[in-house]
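Here is a short report on the structure below. Have a look at the model, and then let's walk through its overall fold and its cores.

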Amino acid sequence: MSPTPQDRLYKLLPSIFRVKDTLQGEPLRALLAIMERELLAIEEDIGQLHDDWFIETCQEWVVPYIGDLLKVRDLVPVDPGLFSQRAYVANTLAYRRRKGTAAMLEQLAHDVTGWPARAVEFFQKVGTTQYLNHPRPASLRTPDLRDASALELVGTPFEDATRTVDVRHIDNRRGKHNLPNVGLFLWRLEAYPVPFAPAFRGEPGSEPGATEEGFFRFNVLGSDTRLFNPPQSETTISSLAGELNVPGPLRRRPLYDELEARRAALARGESPEQQYFGAAPPFSLLLVDGSQGFKEISPDAILICDLSTWHRPPATLPYPSIHPEAAPVPRDIVVAVDPVNGRIAFAQGRPVPGALYVSYAYGFSSEVGGGFYDRQETLIPVEQRGVYRVAARGAPYDSVTGAADASAGSADVLVEVLDSERYPLDTLNVAPGARLELRAANLQRPVIDVAGGRCVIWLGRGATLVLSGLLVRGGVLEVHAADNATLDLRHCTLVPGHDLTPDGMPRTIAPGLVVRGAKDGDCTVLLNRCITGPLQAGRATTLRVEDSIVDGLGGVVDGQGGQALLALPPPPKPVQAFEHEPPPPAEDFEGAGATGALYILASTVLGRVEATVLELASDSLFTDTVQVLQRQQGCVRFSYVPQGSRVPQRFRCQPAYAEDAPEAERLEVERRVKPVFTSDRYGDPGYCQLRDDTDSGIRRGASDEGEMGVFHHLQQPQREANLRASLTDYLRFGLEAGFFFVT
């Protein structure tokens, strides 16, 4: 018998019994090993019972019980995987010691909602006559028009300008500047880091102003993108959050001032102060140094400027020396960066690299689509599968096509991409009964370039293809699926419009995914946490969309709603299934028709929908009409379905009004009760995020009284309710509080 990890009980026996046990095949050792496993389980349980006495180490289910000992208010339950109430209970005593202070209310808002917060006492922002024994020099009645940075902050939580008094109440978000008012500003968007990704290289003459080489963009799709600040943690509960501590869009001015002061200090031989560009800078640029190495461009050589019109900065800038009589000290400038537009320009006379890698952060609401976030819980273990790893450097395969071809003939294969490079792909074949998973490694987001604008995927009978963590651009995925085939997309982005123009607009309104099933078969398409453009599927397809966005690109061309889910056109020319095999006959594939069975769960669909059967739609938003052919089966519940749709039986859907309501009342309800998004354009930070002034029938109309749509899982209305309830316990008498969403 192989030894157990410890054999503690067995070693306690006298050696004479262990010798006899060895001669008999160690049955006693096997028995004591079973007893020891139970002993270890009891010891672990006792240790956990000890840990459960402390809020820092207890299990999640124990948190409410410890809170009950402190008389902590019961909050609306929120998914523990989203954020924990552990901090709210742990800081309760600190709240009570600092009850009513701005720093305490700010920390409370963060602990209860999980959103970064900034508290503002508006009595300090009211333009009043000051008491001479307590002057506030920074609180001027009129702002300094020469301070560009301060003027840029007007209207934000960090503004220093004073206002006239506003007597309206702040708890309904109508008024702000009054003596008893305290405002809590919340950031709903998160800053998602993009580590070590290739930048987009602009070609000379590709757009106005780009007449030469040396221009790049942070976004790999080649469009302008706003960089966000990776928030730095606050060290104490008694301090107020600043711009460094919240995930807001980066501004040019503070970055410019810091880097200019940094170069000036180095020219004087002094140590520069570090704020943004400390241990964790908001962005970094890396050049290829040799075959395997990379060299980071120092922040000292980066110039922050406005690159809205392309230009190349000077290669050197002069700074005063430590000696007034000495000549200015030149400092090298390698590259200029515009954090507002996400643009990069190399200095005049500097060599332009063939490839540039960047690290930065972008803003978005949640972990939907292909991204660099943690997906470890969704990754299926390797187990006994054949694994083929792909990377541009240091992996057995340097292309997805090569790894997929090498795996042909295996029944269960994993092709894992280890970096975030770009990989061309034009065909992908999965043999009958086989299973192929093409996925990005955790915390990576490779880009699949559809070669020639069309990638043909052939799924044999009973085959399964899993795509996970990928960003697909440049064309359409055209899937030909035999009977019982499955296409499973997880955390993928099929770029709406196939690609983006430099100003962020989609290049086309063509579908991003076309699925054509067997003529007399059935195939399944699963979309989970995905972003896609328009889809086309036929009667042989069962389509299940969950926590996803299907963008019909409405308004791109004519300002009207686009088509999110289209019916299949007649079959095209037959495609090549496998190498050295004839293509399947055209009559083997289904003809024209709408999607067979459709499931839409907690998703946002931008555009019109056509389906044969709508089995279930729940907690979802449809921005345009839904036309279902067979309405005798299926159900639509807790969803927004526009007027004019033909759907199965509805249950608590919006807009809701009595059947015999007057026409004027119906029109008023339809005008008021509709989804209003921060942005409906892919690539914007507020893409498909419901605005806070959207009607409550949509923001709180889901099955759990949360919001409808793709971000239903964020449970934002429940977090707002918890904040309102908590504020009543910690506001001082006479104060009134309100909260506002910055993003």
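## Contacts and conventions

Contact here means heavy atoms within 4.5 Å. With that in hand, take the contacts in the protein between residues at least 6 apart in sequence: 60% of them join residues at least 24 apart.

A word on the source: this is a predicted model, in which local features need pLDDT of at least 70 and side-chain atom pairs count only at pLDDT 80 or more, while totals for chains, interfaces and linings use all residues. Residues are numbered from 1 along each chain as its sequence is written, and side-chain values use heavy atoms, leaving out hydrogens and water.

## Overall shape

You will find 13 helices and 40 strands in the protein, counted as DSSP runs (H or I, at least four residues, for helices; E, at least two, for strands) and numbered from the N terminus. The radius of gyration, taken over C-alpha atoms, is 30 Å, close to the 27 Å from the globule rule for 743 residues, so the protein is as compact as a globular protein of that length. That rule is 2.2 Å times the number of residues to the power 0.38.

## Inside the protein

Of the 743 residues, 51% are buried (under 20% relative accessible area, 1.4 Å probe, protein chains only). A nonpolar core is a set of buried Ala, Val, Leu, Ile, Met, Phe, Trp, Tyr and Cys residues joined through side-chain atoms within 4.5 Å. The largest has 61 residues, and Leu-459, Leu-465, Leu-477 and Leu-513 have the most contacts inside it. Strand 35 (residues 608-618) contributes the most to this core, with four residues.

Definitions and conventions:
Buried < 20%, exposed > 50% of the residue type's maximum accessible area, 1.4 Å probe, protein only.
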